[in-house]
Every structure is written in structure tokens, then in C-alpha cells.
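The points are grouped by topic.

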Amino acid sequence: MHFLSCDAYLMTMGRFSKLETGAGAEPDKDPDEGPFGLRSKVRAKKPEEPGAGTDYDQGHYLSEGDRLFYNGEYQKALRAYSRAMQVDHSAVEPWIGQILALIKLKQNREAAMWAMRAIELFPEDPRLASLQGLTLALTGGRQRAIACSDFAMSKPDGGSAFTWAVRGEILSHCENANAAFCFEKVMETRHPGDWQILAFVGDFLLSEKKWARALEFLKAAIEIKPSNPWLWKRLGMANERLAFTQAALEAYRSALEINPNDREAQEHIQRLASVPLPVRMWRRITRSRSK
């Protein structure tokens, strides 16, 4: 099965009939699977000989890529995922991480190219079909994008929180109102301890200016992973956009407590603290009226 499999699926299948009902969306059943469906069979370990940094195994580079990805350092995350691929290009996980990092860097055409290559190697992986659909949505192929998502969701293991999250993004880019339903399914199908999928959706909703919905996902992520300063900064941004100035300040301060050298958090705090109270109140009132 190659790149055109999604197009073939579009010609042979109707629109995804289960979207509104949620039928067929089974949660992942493997409690040991890593967040986002990555590293389900890969375990991080360091080399036996100290100092052999270039000989780290794939699990090490994947863990490092995830750490950097959820610190907003996408270029560095891309390099880590690339190193993981160099260690073993026959594993799907580094391909997924690399595509996600490229999308975050807005290198959408390059992400599409890597998605196409990955599907040639892993034609049955629904996560890759979903990501191929997302790259198509980002590069103007809306009809084929939804077809790829349909194809991914039709797979026996296609109804994971990851595929629902990516489907939600695809439908958002296609201006389809059913995107909100997909994000609800993320909450329903995710593993209880999976904070990364919550962060992924919350960050996307933040970029879409859906502040209140982003706040919900980011709060849920922080309840699981309160030690991540990037999450606190994203939460601060969502609160700030909603004119919840005090809550935003508290979030930025939490990020700074975790990382006292975080210049971004420092700048947010200084900027908000300099806003006079009457201005804050006015922003809060006008924001509530615009809802």
C-alpha cells in the first residue's frame, strides 16, 4: 500500500459514517504503551560504556525528542528523532516524531514527503495515515486529507486518542464543525496518565484561538505533569487571552519556579504586572461581553 491508498479509499468508501456517533472508537488497550502511542516497544537505556554519547539506543533519543518537543524546542526535537531513525529506521516511532516536529516548524511540504516515505515502510499504521492526512490538509488537499483520516479510523486499532486528535486538527483546517467531537473523543479514549496528548490538543486549540477549550486540555495535562514549565506557560497564555490576568500570572510564576532561568516566563510576568488594575478589569469585562 503506497501513498495513493488514501485516494483509493476515498473512491471506494463514503464519508466516515461513525464520526457523529463515535462508534468504533475503541480506546487503546495496552496500559504500557507510551504517551501518543510512541515507544510502545522501545525502552530507553544508556550505553554500557560511559561517555559513548553517540551510541545511545533508540529509546534514549526518542525520550529526548519527546522532552524537547514538549518544551517547544521543535528544531532540537527534530534532530533527536532523526538520530533515533539513524539508530533503527525500521521502527515507526521516530518517523512519527519527525513528522510532528516538521509540522510544528511549519515545514508542511517536507512533513508530507516524510509521511509518504513512512507509509511506504509502514502501510498498516493508522497513525501515519492520520499524519499523512494532516499534511494534506495543511498543503491544500482537503478532500484527500479527510480520506486519509477515514482510512486511519477504519483500521482495527485506528480509534486511538492520537488518531482522534489528528482527525480533529484535520477537520479544523477543513472548517468542519465535527472537529469538536473529535477532541471530545480524545478525552474519552486517552490513557489516564497520558498528558502529552492533552498538551498536543491544548496547544493546537490555543493556536486556533479557542482559548476556553485550550484551557480545559492544558489544565488536565498539568494535573498529570505539573513539573513541565512549557505547559504552565501555555496555560498562562490561555488565561491571558481570556483576560484572567491573575490566573495567567500564577501560571507564569509556576513556570519560573520550575525553571528560574526561563526568560519567556519572566517577560510574561513583567509585562502583565505592569498593566494597571483598571485596564485589567476593563479587559475582563470586554472579553466576557464578546463571548
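The whole structure holds 0 disulfides. The model is a predicted one.

**Cysteines**
- A disulfide would be a covalent bond between the sulfur atoms of two cysteines.
- Cys-174 has 13% relative accessibility, and because the limit for buried is under 20%, Cys-174 counts as buried.
- Cys-182 also counts as buried, because its relative accessibility is 0%.

**Helix H3**
- Helix H3 runs over residues 74-87, 14 residues in total.
- At 1.5 Å a residue H3 should span 20 Å, and this agrees with the 20 Å between its end C-alpha atoms.
- The buried residues of H3 are Tyr-74, Ala-77, Leu-78, Ala-80, Tyr-81, Ala-84 and Met-85.
- Viewed down the helix axis, these buried residues fall within an arc of 165°, so they line one face of H3.

**Second largest pocket**
- Two or more lining residues come from each of helix H4 (93-104), helix H6 (126-138), helix H8 (161-173) and helix H10 (195-207).
- H10 gives the most to this lining, with 4 residues.
- By residue class, the lining of the second largest pocket has 8 nonpolar, 3 polar and 6 charged residues.

Note on methods:
Residues are numbered from 1 along each chain as its sequence is written. This is a predicted model: local features need pLDDT of at least 70, side-chain atom pairs count only at pLDDT 80 or more; totals for chains, interfaces and linings use all residues. Side-chain values use heavy atoms; hydrogens and water are left out. Ala, Val, Leu, Ile, Met, Phe, Trp, Tyr, Cys and Pro count as nonpolar, Asp, Glu, Lys and Arg as charged, and the others, Gly among them, as polar. A disulfide is a pair of cysteine sulfur atoms within 2.5 Å. Buried means under 20% relative accessible area, exposed over 50%, partly exposed in between (1.4 Å probe, protein chains only). The expected span of a helix is 1.5 Å times one less than its number of residues. The arc is that of the directions from the helix axis to the C-beta atoms.
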